[in-house]
Amino acid sequence: MRVLQGRGADPETDAQVTADLLAHTTASGEPGLRVWFPHRQVTFGRRDARSDGYQQAREIAVEHGFPPIERQVGGRAVAYSGTTVAFGLARPVADIRRGIEERYEATTMAVQRALWRLGVPVQRGEPPASFCPGNHALQWRGKLAGFAQRVQQGAAIVGGIVIVRDHEAIADVLEPVYEALDVPFDPDTVGSVERAGGTDDPEAVRAGIEAALIGDDATTVEAVDGSSGEP
C-alpha cells in the first residue's frame, strides 16, 4: 500500500494530491491511503452550488475565517477547522457495479475501531439535521465522522472526515451557511472526539485512523510535497 503523509501547500493543491492518489491506484493497481489535516475551509458540493443562496453562503464562510472551496462531488457543505482529520483509501476494482457497500463497511468498521481504541464508543448513524447528511456516519454526542465514496473505472476511493475538536467553531460557521442554502441543520448535532470524551490531540487521532486503515498491508510511505499539515 502506498501511504501519503502531509498535505499540499493550499486547498487546491491538496485536493489534487488525493486525485493523484486515486489515479495512481487506477493505473498501477496498488492501493493508496492518506490520512491528514486539510486546510481550514468550508467545502461546498455541487448541490450547494446550484442553490440560490450559494453566493451568500460563501460570503458567510469567509466572514467566519473559513475560505470557501467548491468540490467536484455531491453532498452538502463540510467545514474543516485545521484540526479535522480527513482520510482517503483507494483500492483497485474490477467491476464498478460491485463492492460499494462492502468497501463502506470495511472502512467504517476500521475507523470505528480506531475511535473505540481512543476511548470514544461511537455508533453507526447520525442525528437528524446533521451536516452533510448521508447513509454512512458515526456518532456519539453528535455526528463526528462521515463517509463518502467515489467509484471510477479501475479504482474506488472511500473518504471521510473525523472531527477531533473545534466542534463549536464548526457549528458556528455551518449554522448560517446552511440557513443561506435553505438546508435543515441543527448546530448541536456537530460532535467531536473531544466532545465525546476522547482525546483532543489531532495527531493521536490521525495516527490511530491511519494504522487502522492500513491494517496488515505492507506499506511504502511518501511525504506530500507541501506543508507538514500539522494542526
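Figure 1. E210 and R206 form a salt bridge in which the closest N and O atoms are 2.9 Å apart. The model is predicted: local features require pLDDT of at least 70, side-chain atom pairs count only at pLDDT 80 or more, and totals for chains, interfaces and linings use all residues. Residues are numbered from 1 along each chain as its sequence is written, and side-chain values use heavy atoms, with hydrogens and water left out. A salt bridge is defined here as a side-chain nitrogen of Lys or Arg within 4 Å of a carboxyl oxygen of Asp or Glu. Both partners lie in helix α6, four residues apart, which is about one turn of the helix. Helices (H or I, at least four residues) and strands (E, at least two) are DSSP runs, numbered from the N terminus. E210 is buried, with a relative accessible area of 9%, and R206 is buried as well, at 11%. The term buried denotes under 20% relative accessible area, exposed over 50%, and partly exposed the range in between (1.4 Å probe, protein chains only).

**Figure 2. Salt bridge between D48 and R76.** By the rule stated above, the count for the structure comes to eleven salt bridges. In one of them, the side chains of D48 and R76 meet at 3.0 Å, N to O. D48 lies in helix α2 and R76 in the loop between β4 (68–70) and β5 (78–80), so this pair ties together parts that are 28 residues apart in sequence. D48 counts as buried at 0% relative accessibility, and R76 counts as buried at 14%.

**Figure 3. Further salt bridges.** D188 is joined to R195 by a salt bridge, with the closest N and O atoms 3.0 Å apart. D188 counts as exposed, at 52% relative accessibility, whereas R195 is partly exposed, with a relative accessible area of 26%. Elsewhere, D95, R97 and R98 are linked in a network of salt bridges. Side chains of opposite charge can pair when their charged atoms come close.

Figure 4. The structure holds three aromatic pairs. Rings of Phe, Tyr and Trp (its six-membered ring) are paired if their centres lie within 6.5 Å; planes under 30 degrees apart count as stacked, over 60 as edge-to-face and the rest as tilted.

**Figure 5. Stacked pair of Y178 and F185.** The ring centres of Y178 and F185 are 4.9 Å apart and their planes stand at 25°, so the pair is stacked. Y178 is buried, with a relative accessible area of 0%, and F185 is buried with 14%.

**Figure 6. Charged patches on the surface.** A patch of negative charge gathers E168, D172, E175, E179, D186, E194, D200 and D201 on the surface. D201 lies in the loop between α5 (167–181) and α6 (202–214) and counts as partly exposed, at 36% relative accessibility. A positive surface patch is formed by R46, R47, R50 and R150. R47 is found in helix α2 (residues 46–49) and is partly exposed, with a relative accessible area of 47%. Patch residues have over 30% relative accessible area and no salt bridge, and like charges are joined within 9 Å.

**Figure 7. Positive phi angles at C132 and D166.** C132 is not a glycine, yet its phi is positive, at about 40°. C132 lies in the loop between β7 (123–124) and β8 (137–139). D166, also not a glycine, has a positive phi of about 65°. D166 is placed in the loop between β10 (155–162) and α5 and counts as partly exposed, at 29% relative accessibility. Most residues other than glycine have a negative phi.

Figure 8. The C-alpha atoms of A110 and G215 are separated by 8.4 Å, while the two residues are 105 residues apart along the chain. A110 lies in helix α4 (residues 100–117) and is buried, with a relative accessible area of 12%.

Note on methods
Patch = residues over 30% accessible without salt bridge, like charges linked within 9 Å, V, L, I, M, F, W, Y side chains within 5 Å. Areas by Shrake-Rupley, 256 points an atom, 1.4 Å probe, with all protein chains shown as cover. Lys, Arg positive; Asp, Glu negative; His and termini not counted. Charge placed at Lys NZ, Arg CZ, Asp CG, Glu CD.
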